[in-house]
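Dear colleague,

I am passing on the structure we spoke about, with notes on what came out of it. Please look through the coordinates alongside the text below.

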Amino acid sequence: MPTTLMGLDRAREIYSDRSQRAKELRRNGKKITGYICLYPVIEMITAADSVPYRIFGDLREPITKADSHMATVVCSFMRSCLDIGLKGRYDFLDGVVFAHVCDVTCMIPGIWRQTIPTKYTHFIDTPHTLHPSSREYFRTLLDDFRVTLEAYTGVKLTPERLKKAIQLHNTQRALVRELYEMKKPDPPLLSGVETLIVLKTIMSLPVEEGNNLLREVIQEVKTRHNTLTKKKARLLVWGSVLDDTAFIDMIESLDANVVIDDTCVGSRAYFNDVPMTSNPMDGLAQYYLSDIKCPRTVKEAEHGGKRKDYKADLEARFGYLKEYTRDWNVNGVILQSLRYCDGHGYEVPGLKDYFEDLGLPSIYLEHDYSVAALAPLRTRVQGLTEIIG
Amino acid sequence: MTMEKAIRGPSPERPINRLKSMYPLRALVDETYRDTLAAAKANKPVAWSMLDFGFYPPILNALDIEAVYPENYGTVCAAAGVATPFLDRSEAEGFPTHLCGYAQNCFGYAARMFHDLGGKIPEEAPQGGMPKPMVLLASGAACDARFKWFQSLGRYIDVPVWTLESPRSSMKESLMPGAYEREVDFLLRELRDFVAFMERLVGKKVDWDRFSEDIDDSRAMDAVWYSITDELRTARPCPMHTRDHYSAMNSSLFRAKDPQRVKKLYEDMYDEVRARIDRKEAGINRPEKYRIGFFGLAPWHALVLFDKLAERGWNFVREDYHSPRPLPEVDKIQDPLERLVKYRHREVRQEIEAEFPPNEAEEILRDIKEKGFSIKSGVRFGRKYQLDGVIFHSNLTCRQMSGTQNSRQKNLLEAYRVPSLIIEGDIVDARLFDMEGTMKKCEAFEETMEYYRSVRAKEGLEW
C-alpha cells in the first residue's frame with residue numbers, strides 16, 4: 001500500500017525498514033543492485049535501469065555468521081555487511097557490485113560469491129593514486145564494468161542514458177548540498193541525526209525518488225519551527241562509515257551539534273559533481289578515482305618532487321576540511337574511526353597536526369560497531385565540549 | 001642477544017635441523033644493513049623501500065642505490081626483542097595500535113631518529129639502524145596499508161615518496177578479454193614514470209644493459225629457489241623447515257643486489273636439500289610426525305614456537321608467504337621493462353595452468369568464470385605438500401594476511417580434509433602473543449589431525 005508519509009517522516013520510515021521500497025520495486029520488475037562503499041559507479045547502475053542500493057551493516061545485530069568466513073581483526077562494519085548478507089537479509093538483491101576501496105573490500109567479493117547466491121557480481125579495481133597511468137587504467141576498468149552490467153541488465157549503456165543518469169545523480173548531490181546549507185545557522189536547522197537518516201534513506205531509493213524526498217525534506221525544514229537548540233560546540237565529525245544514528249545521537253545528547261561531517265554516509269558522496277564530459281565515461285572515471293574524499297586515495301602536494309613539504313602535503317590532503325570548518329563555523333573536531341580501519345587510522349596524527357595549526361581542538365575516538373561500545377566515548381566527547389568556548 | 005643465539009650453527013641436539021647452506025644466505029641480510037650504512041656515510045643515495053615483489057630492485061641495482069626495507073627492519077627489531085619501545089612511541093605519536101606492526105615500528109623509529117635525535121640513528125637500533133633515506137619507495141603490491149604508511153612518514157622526514165601502483169583485480173575480472181594486457185600496460189607506464197623520476201632525483205641514467213642482465217640473473221636465481229621450495233620440500237620427510245625458508249628467502253623476496261651470487265648460494269642449498277632427500281633426512285631432528293603448513297606472517301619475536309613444536313614431531317613444510325612460481329617464457333621480449341613486468345606480474349590463467357594438471361586447470365578456470373571463485377585454487381598446498389594440518393597466524397595488525405583465514409580454513413577442510421588451527425598474535429608486538437596458551441592449543445590440535453588422517457584414508461586421499 002502506498003505510503004502517505006512525506007519528508008522527514010517518510011525518511012524515518014524508510015530508515016527503520018530500508019529495504020521495503022526496494023522489495024516493492026523488485027516485485028514490480030525492477031532489478032535491484034547492491035553496492036558496498038562509495039566507489040561502485042552508481043550512475044552506471046541507474047543508466048542500466050536498475051536501482052543502486054547501498055549495502056550497510058546492522059549496528060544493532062550481533063555478528064554471528066560472518067566470523068566463520070572473516071577474521072575478527074577485520075573492521076566490524078564489513079563483517080556486519082557480510083553477516084547480514086549471510087542471514088539472507090539481502091536476498092532481494094539481483095546483483096552486487098564491489099570496488100577496491102581497501103584490503104577488506106578486496107576480500108569480500110570472493111567470500112560473497114562463495115556463500116551468498118547472487119545472480120550478478122562485479123568487482124571494480126580502483127587504483128589508489130592519481131598518477132596519469134592510474135587514471136587511464138581505471139578508465140578501462142569502467143569499460144569492463146559496462147560490459148558485464150549490460151549483459152546482466154540487457155540494457156545498452158548509451159552516452160545518452162549515461163548522461164541522463166549523471167544529471168540525476170548530480171541533482172541529488174546539489175540537493176544534499178542545499179540540505180547542508182541549512183546546517184550553517186546557529187542553531188542549525190537540521191540535526192546531525194536527521195541528516196544521517198535522510199542520507200541513508202536516499203541510498204536505499206531510486207535516484208528520482210531520493211531527489212523528490214530531498215525536496216520535501218528541504219521544504220519542510222525551511223518552513224518548520226526550529227526544534228534545535230543553540231549549543232556550545234559546533235562540531236565537524238570526520239572518519240569512517242557511520243550508518244546508524246547512535247554515534248551522532250551520543251554526541252548531540254551533549255552540549256554539541258554536529259554541523260558538518262566528512263564521512264561516507266554524509267558529505268563525501270555529495271560535495272562534488274561528476275563532471276559532464278563529451279564521453280560520459282570519462283567524467284565518471286574522473287569523479288570516482290579522484291573526487292571522492294575518502295583517505296583510501298593518496299593525495300599529495302607534489303608527485304615526483306625532490307623534497308617533501310609536510311605542511312604543503314597536509315594542505316593538499318585536508319585543505320577542504322579548512323573550508324568546512326570556516327563555512328560551517330566549526331569550533332571543535334571529532335576524528336572517529338572503526339577499529340581496524342587502516343585507511344583512516346594512518347591519517348590521524350597528520351589530521352591532528354592540521355587542526356592544531358588551525359587552532360581547533362580535536363579528539364580521536366576509536367570504536368567498534370556496536371551501540372554498547374559507544375558508552376565509554378561519551379565522557380571523551382563531554383571533555384571536548386568543555387574545552388570549547 | 002636473541003640474534004646472536006640464533007646464528008649458532010646446526011646441532012643434532014636442537015629440534016630443528018638447520019641447513020648449513022642457510023647461514024650465508026641469512027648473512028646477506030646483515031650485509032644489506034652494513035652496505036646501506038656505509039653508503040650513507042659516503043653520501044651515496046639510500047632508499048627506504050617497501051617489498052614490491054621485484055619491480056624496484058633491478059632499477060635500484062642499475063642506479064647503484066642502496067636500500068633498506070622497513071618491513072624487514074620490523075622483523076629484525078621484533079626478533080631482537082627491541083620493538084616494544086618503538087611501538088610505544090608510535091602510539092604516543094597518535095598512530096592507532098591496530099595499524100601494521102611493521103609500520104608502527106617504523107613510525108616509532110622515525111620519531112626517535114628525526115624528532116628526538118635530529119637525524120642521528122638511535123643507539124638502541126639493531127643492525128646499526130636504518131640511515132636517513134633520500135627517497136621513500138612505496139608500493140601497492142601486497143596490501144593497501146602501505147599506500148598511507150610512507151606518506152605518514154612525511155611527519156618526520158622531508159624526502160619525496162614514490163608509490164608504485166599495482167593492479168588488484170579479483171580473479172574473475174582478471175580473466176576478462178584484454179584484462180591482462182591492460183594490467184601490463186598500466187605497470188609499464190608506472191615503471192617508466194618511476195625510472196624518469198629516479199633518474200632526475202639521482203642525476204644518473206639507468207644502465208639498461210645491467211638492468212637487463214639483472215632480470216635474467218634474478219629469474220635464474222628465482223628458478224633455483226622455486227625448485228627448493230616448491231619441488232624438493234614436497235618430499236617425505238620434508239628436508240627443509242620453515243625457519244630455514246624464512247632465513248633464506250630475503251634475497252628472492254626483497255632484493256638481491258647480486259643475483260648471480262645469490263643463485264650460487266641457492267644452488268648450494270639445493271644440493272644440501274637434495275642430499276637430505278637421498279638420505280631421507282628431515283628438516284627436524286625428530287621423526288616427522290606431522291607435516292604442517294604455516295600460513296600468515298610469522299610472530300618474529302617468538303620463532304622459538306617452531307622449535308617447541310619440532311620437539312613434538314611437527315615439521316613445518318610450507319608457508320603461504322613467498323614463492324616465485326614457474327617462469328613464463330619472456331626471453332624473447334626486447335623491451336627490458338616489459339620483460340620485467342611480464343616476469344613479475346603473471347596472468348591468472350597462466351598461473352593456474354602452470355600449477356594444475358590440464359583437466360583440473362580447466363575446471364578451476366571454469367569455476368572462476370562462472371561462479372567467481374574456485375575452492376581448489378586457494379588451497380592447493382594442502383594436497384601438494386600432503387599436509388596434516390595448517391597453523392594460521394592471525395595478526396592483530398595485518399588485515400591482508402589474516403582477513404580470509406577463516407574462509408580458507410573451511411576450504412582446506414572441504415577440498416582436502418586438512419584441518420587447521422588459528423593462533424593469535426602479532427608480527428612485531430610480543431605482548432600480543434601467549435606462548436603457553438598457543439602451545440596448549442597446538443597440543444590439543446594433534447587429536448584433530450589424527451582424526452582427519454583417518455578421514456583422508458577412508459576417502460582415498462593419498463596421505
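What follows goes from the model and its confidence to the two chains and the contact between them.

This is a predicted model, in which local features need pLDDT of at least 70 and side-chain atom pairs count only at pLDDT 80 or more, while totals for chains, interfaces and linings use all residues. Residues are numbered from 1 along each chain as its sequence is written, and chains are lettered from A and ligands numbered from 1 in the order in which they are written.

On confidence, the predictor gives the complex an ipTM of 0.96 and a pTM of 0.96. The pLDDT (the predictor's confidence in each residue, from 0 to 100) averages 94 over chain B, where 97% of the residues score at least 70. Over residues 1–7 of chain B, however, pLDDT stays under 50, and the model has six contacts for them beyond four places in sequence; a contact here is a pair of residues whose C-beta atoms, placed from the backbone, lie within 7 Å. Where pLDDT is low, the predicted coordinates should not be read in detail.

Chain A has 15 helices and eight strands, both being DSSP runs numbered from the N terminus (helices H or I, at least four residues; strands E, at least two). For its 389 residues a compact globule would have a radius of gyration near 21 Å, and the 20 Å of chain A agrees with that; the radius is taken over C-alpha atoms, and the globule rule is 2.2 Å times the number of residues to the power 0.38. The C-alpha atoms of chain A fill a box of roughly 60 × 60 × 45 Å along the principal axes. Of the 389 residues, 54% count as buried, where buried asks for 20 or more other C-beta atoms within 10 Å of the residue's own, exposed for 12 or fewer, and partly exposed lies in between, with C-beta atoms placed from the backbone. Among the contacts in chain A with a separation of 6 or more, 72% come from residues 24 or more positions apart.

Chain A contains an open sheet of four strands in the order β2-β1-β3-β4, with parallel pairing, two strands being paired if DSSP finds at least two bridges between them. Its edge strands are β2 (50–54) and β4 (120–124) of chain A, each of which pairs on one side only, and the twist averages 25 degrees from one strand to the next. Strand β3(A), residues 95–99, pairs with β4(A) over five bridges, and V96(A) has T121(A) as its bridge partner. Helix α5(A), residues 103–115, lies across β3(A) and β4(A) and runs at about 155 degrees to β3(A); such angles run from 0 to 180 degrees between N-to-C directions, with axes as lines fitted to C-alpha atoms, for helices over the stretch in contact. Helix α6(A), residues 132–153, lies across β1, β2, β3 and β4 of chain A, at about 175 degrees to β4(A).

The contact between the chains takes 50 residues from chain A and 52 residues from chain B. On the side of chain A that touches chain B, α5(A) gives the most, with nine residues. By class, that side has 19 nonpolar, 17 polar and 14 charged residues, with Ala, Val, Leu, Ile, Met, Phe, Trp, Tyr, Cys and Pro counted as nonpolar, Asp, Glu, Lys and Arg as charged, and the others, Gly among them, as polar.

From chain B, helix α7(B), residues 145–152, is mostly covered, eight of its eight residues being buried. These buried residues, W149(B) among them, pack against α13 and α14 of chain A together with α6, β3 and β4 of chain B.

Chain B also has an open sheet of four strands in the order β2-β1-β3-β4, with parallel pairing. There, β3(B) and β4(B) pair over four bridges, with L164(B) as the bridge partner of S139(B). Elsewhere in chain B, six of the seven residues of strand β7(B), residues 389–395, are buried, so this strand is largely enclosed by the rest of the structure. Strand β7(B) pairs in the parallel sense with β5(B) over four bridges, and six bridges join β7(B) to β8(B), again running parallel.

With best wishes

Conventions: Two residues are in contact if their C-beta atoms, placed from the backbone, lie within 7 Å.
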